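Student: Could you walk me through how to read a model like this one? I'd like to start with the strands.

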Amino acid sequence: MQDLTQELLAPYIRIEDQRSIKPANEFTQEVLDHYLVGDHVTGVTLPWPQLKDKFRLRNGECTIVGGINSSGKSLVCGQILINAMEQGVKCLSVSLEMSPKSQLARMWRQASLMVEPTIDFGLGFNSWARNKLYFFDKQGSVDIDTLMAVVRYSMDHYNTRMILIDSLMTIAGIATDDYTAQKKVVCLLADACRELDCHIILVCHARKSQSIRDKIDRFSVRGAGELTDRVDNVLLLGRYYNENRESPDAYMAVSKARHWDMAECEFDLWLDLPSLNLLTHDQEPRKINIDDEELDG
């Protein structure tokens, strides 16, 4: 992504869109598609097979990924982005906590299943991802107007459809106790998903509890209660902190899935240390298939 100046971003600063009232028959085709074409089971599948027909990340929806510090939120989000790219989805990472270099170093490992990926694989991965993965190259914080302009710019110029924002607390001007500002940001992100037909993943921290071993639910997400109310989906990642290698290392909970019937569930995950992928008990680590023809194109 090229250097973004204020002049480049100026046309993408959010302007309030018009609201209109339409009759019911205006939406007939969309409802027919829902039932006849099956668009209710479209979207990006997650890395865990038991969710394939139960829950997906669809355009027009917004997802919170929550967990306590060091639970692996950024790690699993990288795994989700790689999985999305395999499905042909172009992704934008706005990670103000990790540099693009650090993110890619970890993705090389996740994709290759090797602690020390070969240079050939790494270069091949970057070639494979060159038209699929984009980074907003900034660390620290960014104000919400600039963030929304970056999202719109990347969609307009690079056709990105899945955007990772890591994390809520890196958006400038939002104090941990400023619930009104937090609610405003999440409302802007959720509205943008619908307006722009994209999917935004927002990483949020969970509140501190009496013990790091306490399980969390969607009411544990730090900040305004409206955060989880406003988004479509809430995924929670927790760690078990046990020393038994046979026991699971973490758990994933689909705590909220507004548009999916009976999708709420929880399942255990094991960390494959060489690849840093979180997998279910019956999953084998899978090396990303980098297509040679696509590299040459």
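Student: How many residues of strand 1 (residues 62-67) are buried?

Tutor: Buried means under 20% relative accessible area, exposed means over 50%, and partly exposed is in between, using a 1.4 Å probe and protein chains only. Strands (E, at least two residues) and helices (H or I, at least four) are DSSP runs, numbered from the N terminus. In strand 1, six of its six residues are buried, so the strand is mostly covered. One caution: this is a predicted model, where local features need pLDDT of at least 70 and side-chain atom pairs count only at pLDDT 80 or more, while totals for chains, interfaces and linings use all residues. Residues are numbered from 1 along each chain as its sequence is written, and side-chain values use heavy atoms, leaving out hydrogens and water.

Student: Which residues sit on each side of strand 1?

Tutor: In a regular strand the side chains alternate between the two faces of the sheet. Here Cys 62, Ile 64 and Gly 66 are on one side, with Thr 63, Val 65 and Gly 67 on the other, and all are buried.

Student: What does strand 1 pair with?

Tutor: Two strands pair if DSSP finds at least two bridges between them. Strand 1 runs parallel to strand 5 (residues 199-205), joined by six bridges, and Gly 66 has Cys 204 as its bridge partner there. Strand 1 also pairs with strand 6 (residues 233-239) in the parallel sense, over four bridges; Val 65 is partnered with Leu 235.

Student: And strand 2 (residues 91-95): which way do its residues point?

Tutor: Cys 91, Ser 93 and Ser 95 point one way, Leu 92 and Val 94 the other, and all are buried. Three bridges pair strand 2 with strand 3 (residues 133-135) in the parallel sense, and Ser 93 has Phe 135 as its partner. Strand 4 (residues 162-166) also runs parallel to strand 2, through five bridges, with Asp 166 as the partner of Ser 95.

Student: How many aromatic pairs are there?

Tutor: Rings of Phe, Tyr and Trp (its six-membered ring) pair if their centres lie within 6.5 Å; planes under 30 degrees apart are stacked, over 60 edge-to-face, and the rest tilted. The structure holds seven such pairs. One of them, Tyr 12 with Tyr 153, is edge-to-face, at 5.4 Å centre to centre with 80° between the planes. This pair links distant parts of the chain, 141 residues apart: Tyr 12 is in the loop between helix 1 (6-9) and helix 2, and Tyr 153 is in helix 6 (residues 144-158).

Student: Are Tyr 12 and Tyr 153 buried or exposed?

Tutor: Both are buried.
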